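Student: I would like to go through this structure one feature at a time. Please give the general idea, then the case here.

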Amino acid sequence: MKFVEKYSNFLKKYKLIVIIAWVVIIGFSVWLAPKFISETSGDFNVPEDTPSFIANTILKEEFPDIDTETTIVLVIQNPNGTVLTTDIEDFSYDFNSTVMASNFSDIIVSINGYYYLIASGLTDAAMGYVSDSNNTMIFEININAVSDDELNELVEFLNLSIDSIEPEGYSILLTGSHILFEDMKRASEKDIIVMDSIVLPLALIVLALVLKSFKLMIIPIVSVAFSIGTSFGLMYPIARAMPVFSFVPSVMMSLVIAMSIDYSLFLLSRYREELIRGRDNYTAVTLMLEHAGHTIGVSGITLAICFFGLVFFPIGLLATIGLGSAVCILTTLLVNLTLTPALLFQFGGFFSKFRLLKKKQDELPKTEKERKELELQNQMKSIWYKIGKFATKYSIPIILVTLVVAIPVSIQMLKMDTSIGEVHILPRQAESTMAFDILKEEFQPGMLAPMYILIETNQTNGIINPAFFTLTQTIIIDIANQTDITEQSFITISWGQGFAIPFFVAYEYLNNVSAAYDTENAVLYREMIFARYTNGDNSTVMIDVQPSFDPFGSYVEDWIKATREILAEYEDSSGFKFHLAGGSTDVVDSVDLVYEMFPLMIGIIVVIVYILIALMFKSVFVPLRLIITIGLTLSWIYGLTALIFDVGIFDGVIHVLQDINHLYWATPVMSFSILIGLGLDYDIFLLSRVSEYRNNGYTERASVIKGLYRTGGIISMAGVIMAIAFSGMMFSSVMILNEFGFILALAVLIDTFIIRTILVPAIMSLASKWNWWPRKLKPPTKDLEDVE
């Protein structure tokens with residue numbers, strides 16, 4: 001209390017300085033926050049010791065042109081017939097001439113398409129650009145490395161060019177890894193607008209129903225605005241220094257809305273309660289900080305620590321989600337513990353006088369005896385008092401029933417599987433996603449994210465011999481036979497999309513020794529294949545793998561691992577070095593590393609939580625019980641999630657779920673830290689009140705019941721507000737956010753209305769005096785009928 005009084009006196013003395021400081025901070029943040037969203041990226045930042053990092057490093061060193069290239073695919077579809085028409089032929093040549101005559105011609109490596117290759121006499125290659133049904137055609141536009149801004153300008157130019165020359169009756173769309181990522185960023189921006197326009201007002205309406213004061217509602221609105229602006233502003237320099245994943249702003253927005261309004265609810269409800277009791281403004285703010293402030297302080301710091309657990313994953317996606325979440329939690333906590341009390345001190349005459357307060361104070365009995373009788377009547381009528389009495393009276397049956405219901409659901413968690421499929425992270429309604437879906441169905445989608453087999457001989461001209469050609473051809477055939485990939489998926493100096501290239505043919509191109517190979521087609525072959533797939537001293541060869549299956553889909557993980565095993569066998573027998581680069585290799589390595597580290601992270605977080613709660617309540621049992629009940633919530637939620645996303649019990653009802661067979665690999669890891677923190681939040685709030693009553697001399701059972709009576713309504717409203725805030729992610733067009741929002745919203749509701757309000761009181765009642773062991777408390781002298 002002494003510290004709180006000193007802190008309260010400090011804020012009262014320097015309240016104006018605190019407010020001005022925050023206004024200055026938000027002024028800078030308003031300028032920086034929008035820039036943060038545009039600085040997000042799709043990089044994973046794979047650790048240096050992974051096979052994919054090593055392979056991609058070699059790719060950059062030996063084949064710099066390949067590493068810096070990106071591909072845009074133009075998809076033409078005729079829903080009513082063939083694309084092999086004069087309209088599309090004219091469009092093809094008009095498009096090519098428009099692009100090559102533009103200012104972007106110097107960054108275009110090549111434009112490959114059906115009519116261009118037919119004109120060059122490459123009929124077999126041309127057929128790869130038209131679907132079997134002849135209703136879809138693609139152009140492959142290969143581009144040299146440029147900045148994201150230049151790529152965006154090129155995409156805009158291509159769209160404008162298509163609009164100006166597009167023939168009627170055809171659908172023409174663009175896709176590519178860069179375009180898909182840019183659409184992910186735009187989807188994130190739309191998600192934030194949805195949260196601002198729908199979710200935030202709903203959450204504030206619920207808060208208004210609890211506080212019943214328009215004056216007090218000003219503070220949570222200010223708190224949310226300052227928390228969002230400051231946390232986004234702080235993340236901008238971080239995003240400049242390291243890649244921050246594209247949907248981090250959406251997650252941060254949901255967290256800020258949920259936690260800021262929650263913290264405002266805890267603080268202002270206690271402030272309001274103290275004012276109704278007749279306290280002056282200074283005392284009300286001080287008691288608010290002592291009780292509710294202490295609760296949100298411990299909860300917020302613990303939650304931030306849980307998020308910082310993600311930072312230690314050496315994967316950019318998880319690390320930046322953890323960092324962004326921790327930043328917004330600490331910022332929200334700082335705003336609520338500094339700006340909120342400063343505003344209450346500075347404008348105390350305004351906030352401490354509201355219509356409900358006068359009404360409540362007028363209703364207060366004149367004598368102490370009448371006041372106690374009224375308090376007892378209100379207590380007896382309260383639904384939370386009745387739930388508390390029921391939970392503590394029938395504690396053993398409640399615990400048993402909860403376990404009987406929870407175990408069958410929790411067991412479903414064993415069916416939970418994860419996927420690296422792109423369907424989880426691509427915006428559903430984006431044109432680039434629709435084009436990519438067409439590409440997957442009609443062509444080899446691997447052209448958007450090809451993989452590369454690198455073979456290092458470590459000898460100059462080591463690849464120019466018949467034996468090496470035979471080796472590479474054998475490897476290709478073995479991989480095609482042993483995995484689900486076709487021989488047409490491979491291109492290299494010894495193989496051309498389904499057929500072997502004899503050494504004596506390739507030799508002339510590799511050495512350029514014959515004038516017979518100086519024709520236009522020969523030069524084209526040399527540039528497209530022989531010069532492209534060998535390094536400078538002919539010691540390393542690259543095999544381009546463009547799989548017919550989705551390069552970001554769930555199967556690619558199995559294919560990468562199976563191919564690496566095959567290459568390892570050849571490495572042992574040949575003495576050459578084999579690597580697999582590009583595509584989803586970095587994602588596969590990231591997933592393996594994350595789930596290898598995940599148990600350690602769980603253990604560290606559990607230990608930290610146990611120590612913090614044990615120190616806060618000076619008890620051995622309280623943190624143990626807390627961890628068990630949070631574990632029950634987690635198993636329950638993950639079990640229900642497996643039933644919905646893996647088993648598919650709602651596939652026939654919710655159309656979007658029909659394409660989802662697994663959770664995205666990052667969802668369980670991301671949600672774990674947040675679920676731990678949310679469980680702590682409400683538990684600490686309830687426990688603080690229970691501990692307060694027990695310290696004041698109430699019996700164990702009376703402390704639990706009265707604690708629930710005082711906090712049950714606030715916890716339930718806080719849970720509803722949080723569920724509303726997290727449900728905003730369920731409106732997103734990105735499936736991982738739908739999964740994330742569903743898990744968090746459902747977890748909050750189960751935790752709020754079942755675990756914290758029924759199961760926790762039952763366990764605490766059963767544990768009785770062991771709740772506080774080894775702390776020694778004075779013998780109880782008060783019971784349910786006593787009133788302070």
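Tutor: Start with Glu39, which has a relative accessible area of 27% and is partly exposed. The model is predicted, so local features need pLDDT of at least 70 and side-chain atom pairs count only at pLDDT 80 or more, while totals for chains, interfaces and linings use all residues. Residues are numbered from 1 along each chain as its sequence is written, and side-chain values use heavy atoms, with hydrogens and water left out.

Student: With which residue does Glu39 form a salt bridge?

Tutor: A salt bridge is a side-chain nitrogen of Lys or Arg within 4 Å of a carboxyl oxygen of Asp or Glu. Here the partner of Glu39 is Arg240, with the closest N and O atoms 3.4 Å apart. Arg240 belongs to helix α10 (residues 214-241) and Glu39 to the loop between α2 (15-38) and α3 (51-62), so the pair ties together parts that are 201 residues apart in sequence. Arg240 is exposed, at 57% relative accessibility.

Student: How are the helices and strands numbered, and how many of them does the protein have?

Tutor: Both are DSSP runs, numbered from the N terminus: helices are H or I with at least four residues, strands are E with at least two. The protein comes to 28 helices and 11 strands.

Student: Are Arg689 and Glu273 buried or exposed?

Tutor: Arg689 and Glu273 are both buried. Their side chains meet in a salt bridge, 3.2 Å from N to O. Arg689 sits in helix α26 (residues 666-695) and Glu273 in helix α11 (residues 248-276); these are distant parts of the chain, 416 residues apart. The two also belong to a network of salt bridges that links Arg270, Glu273, Glu274, Arg279, Arg689 and Glu692. The whole structure has 15 salt bridges.

Student: How far apart in helix α19 are Lys440 and Asp437?

Tutor: The two lie 3 residues apart in helix α19 (residues 431-442), which means about one helical turn between them. Lys440 is partly exposed at 25% relative accessibility, and Asp437 is partly exposed at 30%.

Student: Which residues form the negative surface patch?

Tutor: In general, a patch is made of residues with over 30% relative accessible area and no salt bridge; like charges are joined within 9 Å, and nonpolar side chains (Val, Leu, Ile, Met, Phe, Trp, Tyr) within 5 Å. In this structure the negative patch consists of Asp106, Asp148, Asp149, Glu150, Glu153 and Glu156. One of them, Asp149, is found in helix α8 (residues 148-165) and is exposed at 56% relative accessibility.

Student: What should I expect of phi and of the peptide bond?

Tutor: Most residues other than glycine have a negative phi, and most peptide bonds are trans. Lys618 is not a glycine, yet has a positive phi of about 50 degrees. Lys618 lies in the loop between α24 (585-617) and α25 (621-647) and is exposed, with a relative accessible area of 54%. Ser768 also has a positive phi, of about 55 degrees; this residue is in the segment after α28 and is partly exposed at 29%. As for the peptide bond, the one from Trp773 to Pro774 is cis, with omega near 10 degrees. Pro774 is placed in the segment after α28 (735-767).

Student: Which residues does Thr230 touch?

Tutor: Contact means heavy atoms within 4.5 Å. Leaving out residues up to four places away in sequence, Thr230 touches Trp22, Ile25, Ile26, Ser29 and Thr331. Thr230 is found in helix α10 and counts as buried, at 6% relative accessibility.

Student: What do the values for the whole protein say about contacts and burial?

Tutor: Of contacts between residues at least 6 apart in sequence, 82% join residues at least 24 apart. Of the 788 residues, 57% count as buried. The C-alpha atoms fill a box of roughly 115 × 55 × 50 Å along the principal axes.

Methods:
Buried < 20%, exposed > 50% of the residue type's maximum accessible area, 1.4 Å probe, protein only. Areas by Shrake-Rupley, 256 points an atom, 1.4 Å probe, with all protein chains shown as cover. Lys, Arg positive; Asp, Glu negative; His and termini not counted. Charge placed at Lys NZ, Arg CZ, Asp CG, Glu CD.
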